[in-house]
Amino acid sequence: MAAFTTHTPCQATPLHPNIKISTQNANTKTVHKATSSLHHCPSISSLFSQTKSTLFSNSGSGSSWLQHNPLHHDASSGGGSRQGPIYSVFRTKPAEVASVEDLFEFICSGPLVDKMGLTQEKVAESIDKWLFYGSKLCRLFQLDELYLTTPQKARFYHYYIPVFVWCEDQISQHASKFKDGEEIPPLVIGFSAPQGCGKTTLVFALDYLFRITGRNSATLSIDDFYLTAEGQAELREQNPGNTLLELRGNAGSHDLPFSVETLTALSKLTKEGMKMKLPRYDKSAYSGRGDRADSSTWPEVEGPLTVVLYEGWMLGFKPLANEVVKAVDPQLERVNENLEAYYDAWDKFIKAWIVIKIQDPSCVYQWRLQAEIAMRQAGKPGMSDEEVKDFVSRYLPAYKAYLPTLYSEGPNGSHPNHLLLIEIDEARNPI
């Protein structure tokens, strides 16, 4: 098998957000024209000529692309990432032979290709980049390149890698706004997605790809800005009887000045040798009520920083009219008032957005339940079914109130050219 990591990637044509060319319905002549251009890419022509090259398995089924969740929030992890133990997925069937051309056609059939304005020619020109990224992701998740199942191959080539390519283009556009010699602040990319839909794993994969391609990146979650245990207790006392503010989660339970301080400091991390620590939150503290982790455990990032990957379940939510939120849940009125301050604390720092759209908020309950059942089966502490129901119920009113506007109008302050909307199914795959 060819060692993809030794090849120098071809330079892909810069993407343009307004290009909308469908590749899924291209005729045979167009496909032949696009794939033939692979032979003109010097670093991939030798790979393409190896018709017996075994790359990826077309076998496999099931909605879960990994048998185990490879991540957990680890406040002590280095480099700003949240890496936990990575578990191997062992093959159960022999692999079927697939050529580079087969993989090319598989990539072009992905649901995000057209959304991103990628033509088959552009994919062909950068095919060895896709192979390189796929090879590295296999190593990250400890998967055998020869035995990827179809769900695993789709997760990489229909989801993670296309999103990474989009992020790279957004970074290029961001950098082009500055003159030669000017310090370029990192681009903050916001990931707005409900709990359990896979955003943390996506950000983990993107952070890894940035680092192995020589760019410094930092990862943050809105969870990292929760109030301290003391602050959360004060919030409960100030809102007696409001179950939405009894525990951490909804607008009002975050330390917004601390958010501004952290995001502002990251924007200034533009020179080599500059360092700062990223805050982390310990959800296990105080019997699960949580508290900010000790600063000695916070990971450190170094400049010059290229990108900040900032994820959260309520990023980009816009305050609504009081009668709208009261119709969903009267307790939401106070949360809606709190939300007024969040644009200046969070959203105004974000210059590019990825919004992961779900079809039904009730999926959050099922995803969380699956995660807790898996934890219990693995012998780790996990919430009971009733505790999961109670936990998710504190978020559902906000989902029902704010998601329709988020999906129809985009996040607060977003621009269509810097927004990627990804709709996923119940198996967390783009559709």
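Q: Where does Thr-405 sit?
A: Thr-405 is in helix H16, residues 396–409. Helices (H or I, at least four residues) and strands (E, at least two) are DSSP runs, numbered from the N terminus. This is a predicted model in which local features need pLDDT of at least 70, side-chain atom pairs count only at pLDDT 80 or more, and totals for chains, interfaces and linings use all residues. Residues are numbered from 1 along each chain as its sequence is written, and side-chain values use heavy atoms, with hydrogens and water left out.

Q: Is Thr-405 buried or exposed?
A: Thr-405 is buried, at a relative accessible area of 18%. Buried means under 20% relative accessible area, exposed over 50%, and partly exposed in between (1.4 Å probe, protein chains only).

Q: What does Thr-405 touch?
A: Not counting residues up to four places away in sequence, Thr-405 touches Lys-318, Leu-320 and Gly-410. Contact means heavy atoms within 4.5 Å.

Q: And Gly-252, where is that?
A: Gly-252 lies in the loop between helix H9 (229–238) and H10. Gly-252 counts as buried, with 18% relative accessibility. Leaving out residues up to four places away in sequence, Gly-252 touches Leu-227, Leu-235, Asn-338 and Tyr-342.

Q: How far apart are Gly-252 and Tyr-226?
A: They are 26 residues apart in sequence and 9.1 Å apart in space, C-alpha to C-alpha.

Q: Switching to the sheet. What is the strand order?
A: The open sheet of five strands runs S2-S7-S1-S8-S9, with parallel pairing. Two strands pair if DSSP finds at least two bridges between them. The edge strands are S2 (216–221) and S9 (419–423), each pairing on one side only. The twist averages 15 degrees from one strand to the next. Axes are lines fitted to C-alpha atoms, for helices over the stretch in contact, and angles run from 0 to 180 degrees between N-to-C directions.

Q: How many bridges between S8 and S9?
A: Strand S8 (residues 352–357) and S9 pair in the parallel sense over five bridges. Ile-354 stands opposite Leu-420 in S9, and Trp-353 has Leu-419 in S9 as its bridge partner.

Q: Which helices pack on the sheet?
A: H7 does, touching strand S1 (187–192), strand S7 (305–312), S8 and S9, and its direction makes about 155 degrees with that of S8. Helix H10 (residues 256–267) also packs there, touching S2 and S7, with its direction at about 170 degrees to that of S2.

Q: How do H6 and H7 cross?
A: The axes of H6 (residues 127–140) and H7 (residues 150–175) come within 11 Å and cross at roughly 115 degrees. The residues of that contact divide into 12 nonpolar, two polar and one charged. Here Ala, Val, Leu, Ile, Met, Phe, Trp, Tyr, Cys and Pro count as nonpolar, Asp, Glu, Lys and Arg as charged, and the others, Gly among them, as polar.

Q: What about the largest nonpolar core?
A: That core has 113 residues, and those with the most contacts inside it are Val-163, Leu-266, Tyr-310, Phe-317, Trp-346 and Ile-354. H7 gives the largest share, 12 residues. A nonpolar core is a set of buried Ala, Val, Leu, Ile, Met, Phe, Trp, Tyr and Cys residues joined through side-chain atoms within 4.5 Å.
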